[in-house]
Amino acid sequence: MDIGLIGFGGIGQAFVKLLVEKKKYIFEKYNLDLKVKYILKSDGGIYESNGIDLEELAEFINKKKSIKEHILWKENLKFEEMIQNNDVDTLVELTSTNIETGEPGLTHIKTALESGINVVTGNKGPIILKYKELKEIADKNSVKLKVGCTTGGALPSINGGLYDVAGSEIQAIEGILNGTTNYILSKMSMEEVSYEEALAQAQKDGIAEANPSLDVLGYDTACKIVILANVLMDANIKLEDIEVKGITEVKLDTIKESKKENEKLKLIGRVYREDNMVKAYVRPIKIKEDHPLYFVDYKNKGVFFKTDSLGDISIIGGASGTRNAAASILRDLVLVKSLE
């Protein structure tokens, strides 16, 4: 498999290191030889026609050096040049998410698919905005579009819905899909601290970003619910179709009341069929011990499928972090190969 990687932030760098670590295992287990020929950023990149020496590159970035200092770095090496060279069969697209326009990832993904190149991405923006269009282009050109990393990283929510409930109609999906908010609510419950104290600790531990708005206001979960609905339930919903309420107004007293009743307050994203329509919401909900997601605490995530013929199926776990997100990209690459 000849790969072009675009985007070289934390996940991109973790992906390179993981390929070095897993190279022998992947080849022996799946007979899959992964060659990264391009690593591109917005202002240039590196290219090696026979495959970049990833061991050397991993050592290089471990020394905290910028990829722009690498001997192969070429200013103004463009994505368009990779497309014109026609020497990759798979694009790994890891540029920053833009949920308003999807760019630049949307153009990268669309162009690659139109050029007969498989795409594996962790970029939510293009998938939220244009999944159906992109899937149609992929099908028309007999290539794969894999988006497993976009809805919980290591949690196999997309792939579980695509493969493990195949042949059964999904009637509803519920998920705890954001590790930051789940950590905050768990900390409030377990340690009886306020929202502000729990958020501050999450930021100190590197779990919450300095500006955690997308997480705590519920929009990260909403983005993932849009993707799950459109990929797995053949819906065509948009972010503006979802009722979204985050956790910023959750009070410690509410948490304490829930504990007294053996309930937990969780930020739940739900999409479901009702009256021949697909509806969705994100909001804090009290759940009882018999709920499939009751024991999903701290940074853990989980997803729950209600199906018409297989019954109820839950998937829980999947660590959060750049290495784990990179592992979900590798998982999709293996699936691209296995589905040929």
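**Strands, salt bridges and surface**

Trainee: How many bridges pair strand β9 (residues 243-244) with β11, and in which sense do they run?

Mentor: Strand β9 (residues 243-244) and β11 pair over two bridges, in the parallel sense. Two strands count as paired if DSSP finds at least two bridges between them. Strands here are DSSP runs of E with at least two residues, helices are runs of H or I with at least four, and both are numbered from the N terminus.

Trainee: Before I go on, what am I looking at?

Mentor: This is a predicted model, where local features need pLDDT of at least 70, side-chain atom pairs count only at pLDDT 80 or more, and totals for chains, interfaces and linings use all residues. Residues are numbered from 1 along each chain as its sequence is written, and side-chain values use heavy atoms, with hydrogens and water left out.

Trainee: Back to β9, then. Which residue in β11 is the bridge partner of valine 244?

Mentor: Valine 282. Strand β11 also pairs with β10, in the antiparallel sense, over 12 bridges. There, valine 271 has alanine 280 in β11 as its bridge partner.

Trainee: What happens in the hairpin of β10 and β11?

Mentor: Two residues lie between the strands. Aspartate 275 takes a positive phi there, near 55°.

Trainee: Now the open sheet. In what order do its strands come?

Mentor: The order is β4-β3-β2-β1-β5-β6-β7. That makes seven strands, with mixed pairing. The edges are β4 and β7, and each of them pairs on one side only.

Trainee: How do β5 and β6 run?

Mentor: They run parallel, joined by four bridges. Valine 92 is partnered with valine 120 in β6.

Trainee: Switching topic. How many salt bridges are there?

Mentor: The count is 20. A salt bridge needs a side-chain nitrogen of Lys or Arg within 4 Å of a carboxyl oxygen of Asp or Glu.

Trainee: Give me one. What does aspartate 43 bridge to?

Mentor: Lysine 68. Their closest N and O atoms are 2.5 Å apart. The pair links distant parts of the chain, 25 residues apart. Aspartate 43 is in the loop between β2 (35-41) and β3 (44-47), and lysine 68 is in the loop between α2 (54-62) and β4 (74-75).

Trainee: Why does aspartate 43 count as partly exposed?

Mentor: Because its relative accessible area is 30%. The cut-offs are under 20% for buried and over 50% for exposed, with partly exposed in between (1.4 Å probe, protein chains only). Lysine 68 is partly exposed too, at 41%.

Trainee: And lysine 264 with aspartate 297: how far is N from O?

Mentor: It is 2.9 Å in that salt bridge. The two residues are 33 apart in the chain. Lysine 264 belongs to strand β10 (residues 263-274), while aspartate 297 is in the loop between β11 (277-288) and β12 (301-307).

Trainee: Is lysine 264 buried or exposed?

Mentor: Lysine 264 is buried, at 14% relative accessible area. Aspartate 297 counts as buried because its relative accessibility is 17%.

Trainee: Which residues form a network of salt bridges?

Mentor: Lys110, Lys130 and Glu133 are linked that way.

Trainee: What is the phi of asparagine 76?

Mentor: Near 65°, a positive value in a residue other than glycine. Asparagine 76 is found in the loop between β4 and α3 (79-85). It counts as exposed, at 51% relative accessibility.

Trainee: What about serine 142?

Mentor: Serine 142 is not a glycine, yet its phi is positive, about 55°. Its place is the loop between α5 (124-140) and β7 (145-146). With a relative accessible area of 67%, serine 142 is exposed.
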